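Trainee: I would like to go through this model part by part. Please show it to me before we start.

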Amino acid sequence: MSGSHPLHRVAIVGVAATEMARRLDATSAETSLRAALGALDDAGLAVADVDGVAARWPGPGGTVFQPGSADWAEVFGHPLRWVCDTYPQGVPAALDAAAAVAAGLCEVALVFGGQAGVMGGAAVADYTRPDNEFLACWGSLTAAQFALVAQVYRHRFAPDVERVAAIAAAIRNAGSANPAAVMAGRGPYTAADVLESPPVAEPFRLLDLCLATEGAAAMVITTAERARDLRRQPVAILGGGAQWHRQQYVNPPRYDEVWGLGADAARRAFALAELGPEDVDVFELYDINTYEVVRQFEMLGLCAEGEGADCLWEAGIGRSGRHPVNTDGGLLSYSHIGWGGPTLKIVEAVRQIRGTAGPGQVADAEIALVTGAGAGAQYYNVMVLGRG
């Protein structure tokens, strides 16, 4: 890269993820801090080096105005030069942190989050049923919002349901082979297993949908100059972008408005990286459900609308396929940790580029695509990562 764009003057230098489980015997604050310290250790940095934070404050105490990143200043024991409360997770937080570092607002930005000690008891996670207008009154949930979009797609294009189910099976099998995944050792799964799992929200069945689990994830971003002297191989942010169509889970999504959501963000991200989707070695996609994986390949232009399931079936999305997808098992099988879930995608992408991803490692992975949110949420974000 030429280094002329501000993003090209920063790098991701540390990542970490805690233990993932259906429930952890800890608080969200404890678990999030464990991830933060792990990412700093991975980078060879200390708490004293951190002068920027993007991290939701989960309590106890502190502000009642979420997200509350500034509350972490007291935990770290020194003032911060920059905090991000706009969207302190995943790709948006990484891009905001990178911009802050590039602008000199801070030098070492720490992005982290997760949850612990909060799951269990209820049939669905609380955050899948926000108390929003035109949603809470009907008892809708996140899966139903995405199902509204998937139903139209299935009606218009009648995709092969076995090939769609095979996507979920492949990602879940990646998780089965990952000893750190919540679903480690479960499987192997087949398309038939997915199609025979209990229905949740048509057309989704249980194995089409992501987990709701506990754990935390973190990343550290600093200048490319400082990165050269740190412990780990830096990973470059080659490009990124986002699209915000509408506030999530307020008004229902309309297929014709959201199926292609993210195309502009992806075009801008790849243009900045001077690459195209065909150059990606590994795809760490936000797999909140199976159809959202199909949608993203069509949105990226790797296949035509209505052809995603066939494209992925023919190309292969396993570790040795043409388009390796969610090599750690994704949200479907590795973990989905609430506020920390989008950051998990970046952790795995960094490990892939470093060559330290374990059983899911893709040979000679140099370029990774990370995404977040999707059609049902009515916003989308994307980031292209490469070797620093």
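Trainee: How far apart do the C-alpha centres of domain 1 and domain 2 lie?

Mentor: This is a predicted model, in which local features need pLDDT of at least 70 and side-chain atom pairs count only at pLDDT 80 or more, while totals for chains, interfaces and linings use all residues. Residues are numbered from 1 along each chain as its sequence is written, and side-chain values use heavy atoms, with hydrogens and water left out. Domain 1 covers 6-121 + 214-227 and domain 2 covers 126-211 + 239-387, with bounds from an automatic or database domain assignment. Their C-alpha centres are separated by 24 Å.

Trainee: How many residues of domain 2 are in contact with domain 1?

Mentor: Contact means heavy atoms within 4.5 Å. On the side of domain 1, 32 residues take part, and on the side of domain 2 the number is 30.

Trainee: Which strands stand at the edges of the open sheet?

Mentor: The sheet has nine strands in the order β3-β2-β4-β7-β1-β8-β11-β10-β9, with mixed pairing. Strands are DSSP E runs of at least two residues and helices are H or I runs of at least four, numbered from the N terminus; two strands pair if DSSP finds at least two bridges between them. A strand with a single partner has one side left without a neighbour in the sheet, so the edges are β3 (82-83) and β9 (282-284).

Trainee: Which residue of β8 stands opposite I12?

Mentor: Strand β1 (residues 10-17) has seven of its eight residues buried, that is, under 20% relative accessible area with a 1.4 Å probe, protein chains only. β1 pairs antiparallel with β7 (residues 215-223) over seven bridges, and there the partner of I12 is I221. Two bridges join β1 to β8 (residues 235-244), also antiparallel. In β8, the residue opposite I12 is V235.

Trainee: At what angle do the axes of α4 and α10 cross?

Mentor: Axes are lines fitted to C-alpha atoms, for helices over the stretch in contact, and angles run from 0 to 180 degrees between N-to-C directions. F146, A150, Y153 and R154 in α4 (residues 142-157) meet Y291, E292, V294 and E298 in α10 (residues 290-299). The axes come within 10 Å, and the crossing angle is roughly 65°.

Trainee: At about what angle does α10 run to β10?

Mentor: α10 lies across β9, β10 (367-374) and β11 (379-387). Relative to β10, the angle is about 120°.

Terms used
Buried < 20%, exposed > 50% of the residue type's maximum accessible area, 1.4 Å probe, protein only.
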